[in-house]
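Subject: Structure handover

Hello,

Please find the structure below, with its sequence. My notes on it follow.

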Amino acid sequence: MGGTGASGVAASAAAARRVVHAPVGGSDVDALEEQMRRALELAERGWGRVSPNPMVGAVVVSEHGDVLGEGWHEGPGTRHAEAMALEQAGAAARGATVVTTLEPCDRQGRTPPCTRALIAAGVSRVVVGAIDPHLGEGAPGLAELRSAGIAVESGVLEVEARRLNEAFEHHVATGLPFVVMKSAASLDGKTAAVDGTSRWITSEDARSDVQRLRAWSDAILVGSRTVAEDDPALTVRDPRFAGARPPLRVAVDSGGRLPPVGRLFDGSAPTLIATTDRTDELRVAGWQTAGAEVVVLDRDADDGVSLRKLLELLGARQVQGVLVEAGANLAWALLRDDLVDRIVLYLAPKVLGGAAAPGVVDGRGFSPVGEALPLAFERVERIGPDLKVEAHVHRDR
């Protein structure tokens, strides 16, 4: 993995996708898509383990369609997917096709360039899902392969390949993390009953799916009220992700209301408290003694922590994906400041009612209705008895 600065990378990556794409030859379209789906499955084995690198999978295929080798990126400092697949294929890789979810890197990092490994192996064709914006303008990885006489095709299942690494791509383009706001609610939009109880609105199946989201994230963001009321651990407890690095736990507390006790300070994962100059030095010292890192940030217009400054800080630390498990007030502040990229809402087939029962989003709200924050539904699926609704936030209001 090499890189350029975030400035201008989004435009150059888009241009590369337009210029580099070559049509896939007629009868092998279905076969290539099947092989790319397998490569995407392999890439997902790196879920929660590879950041700040992207998830990548690769398959080496003979001219007759036989799989000769498979590989996936296991984490920073380990072999890249193409190198693993080529090693498994051995000498049989000569003249073969390599199907990979992401443009092969063309520069020395912790591991050697994949482009040179592909050239040295004598492969005849490389088929790519998505361009790697981190490599810079003009898709240099593909250009190097072409200059060595290797046939290159790109854009096979590009939508799926890009979605897999959308946090990586977003971070390269903007310097900011990709922010997913998650909530669980009854069908009438209540996140708790009028007496404050909230466990459990949704099913065990939905909670298991949340564990997958947590494993994806580099950081989990919550507000001080959520910590005070729920004492959350904010860790990944699903055995499917055993061995994955724990996400950074980030709590927003603008005025120092949180005592330095509870599961947030249990040492099971790193913890960062984001606060302002409204918090006294004794409270800051207490958090630090309890093992948390403390950052004092600018205030926003409402005297709270500047959430944009917080995300800029996290982005500078290579935090690419942030999962927000916030209450209604912090959710509103993030939406108000246009800092959310996707909303994931788990809806239970229950009605709670109650005017005083909390909802998903509070705050002043967008008004009139024509000023509502526009979303685009991406996916709706059943998770056990519940519905999981995913929506992307539109920026062009």
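The model is predicted. Mean pLDDT for the protein is 90, with 92% of the residues at 70 or more. The pLDDT is below 50 over residues 1–26, although this stretch has 47 contacts in the model beyond near neighbours in sequence. Where pLDDT is low, the predicted coordinates should not be read in detail.

Overall build

The protein has twelve helices and 14 strands. Its radius of gyration is 23 Å, close to the 21 Å that the globule rule gives for 397 residues, so the protein is as compact as a globular protein of that length. The C-alpha trace spans about 65 × 45 × 40 Å along the principal axes.

As for distances, Val 67 and Val 369 are 302 residues apart in sequence, and their C-alpha atoms are 55 Å apart in space. Val 67 belongs to strand E2, residues 67–72. Leaving out residues up to four places away in sequence, Val 67 touches Val 59 and Val 60.

The second largest pocket

Several elements each supply at least two residues of the lining, among them helices H2 (29–43), H6 (158–164) and H8 (204–216), and strands E6 (178–186), E13 (375–383) and E14 (386–393). Helix H7 and strand E12 (342–348) also supply at least two each.

Cavities

How many cavities of 30 Å³ or more are there? The count comes to four. About 160 Å³ of space lies in the largest cavity. Its lining has 19 residues, and those nearest the centre are Ser 51, Asn 53, Met 55, Trp 216 and Gln 320. By class, the lining of the largest cavity has eight nonpolar, seven polar and four charged residues. Helix H7 (residues 166–174) gives the largest share of this lining, three residues.

Backbone details

Most residues other than glycine have a negative phi, and most peptide bonds are trans. A few places in this model depart from that pattern, as follows.

- The peptide bond from Ser 51 to Pro 52 is cis, with omega near 10°. Pro 52 sits in the loop between H2 and strand E1 (57–61). Ser 51 is also one of the residues nearest the centre of the largest cavity.
- A cis peptide bond also runs from Ser 367 to Pro 368, with omega near -5°. Pro 368 is in the loop between E12 and E13.
- Leu 157 is not a glycine, yet its phi is positive, about 50°. This residue lies in the loop between strand E5 (151–154) and H6.

Helix H10

What caps the N-terminal end of helix H10 (residues 281–289)? Asp 280 does, with a side-chain oxygen 3.1 Å from the backbone nitrogen of Leu 282. After H10 comes Gly 291, with a positive phi near 105°.

Regards

Conventions: Residues numbered from 1 in each chain as written. Predicted model: local features only at pLDDT ≥ 70, side-chain atom pairs only at ≥ 80, totals over all residues. Heavy atoms only, no water. pLDDT = per-residue confidence, 0-100. Contact = heavy atoms within 4.5 Å. Polar contact = N/O pair within 3.5 Å; in protein donor to acceptor, adjacent residues only side chain to side chain. Helix = DSSP H or I, 4+ residues; strand = E, 2+ residues; numbered from the N terminus. 1 Å grid on protein atoms, 1.4 Å probe; cavity = no way out; pocket = protein on both sides within 12 Å on 5 of 7 lines; lining within 4 Å. Points joined across faces, edges and corners; volume = space filled by probe spheres on them. Nonpolar A, V, L, I, M, F, W, Y, C, P; charged D, E, K, R; others polar. Rg over C-alpha atoms; globule rule 2.2 N^0.38 Å.
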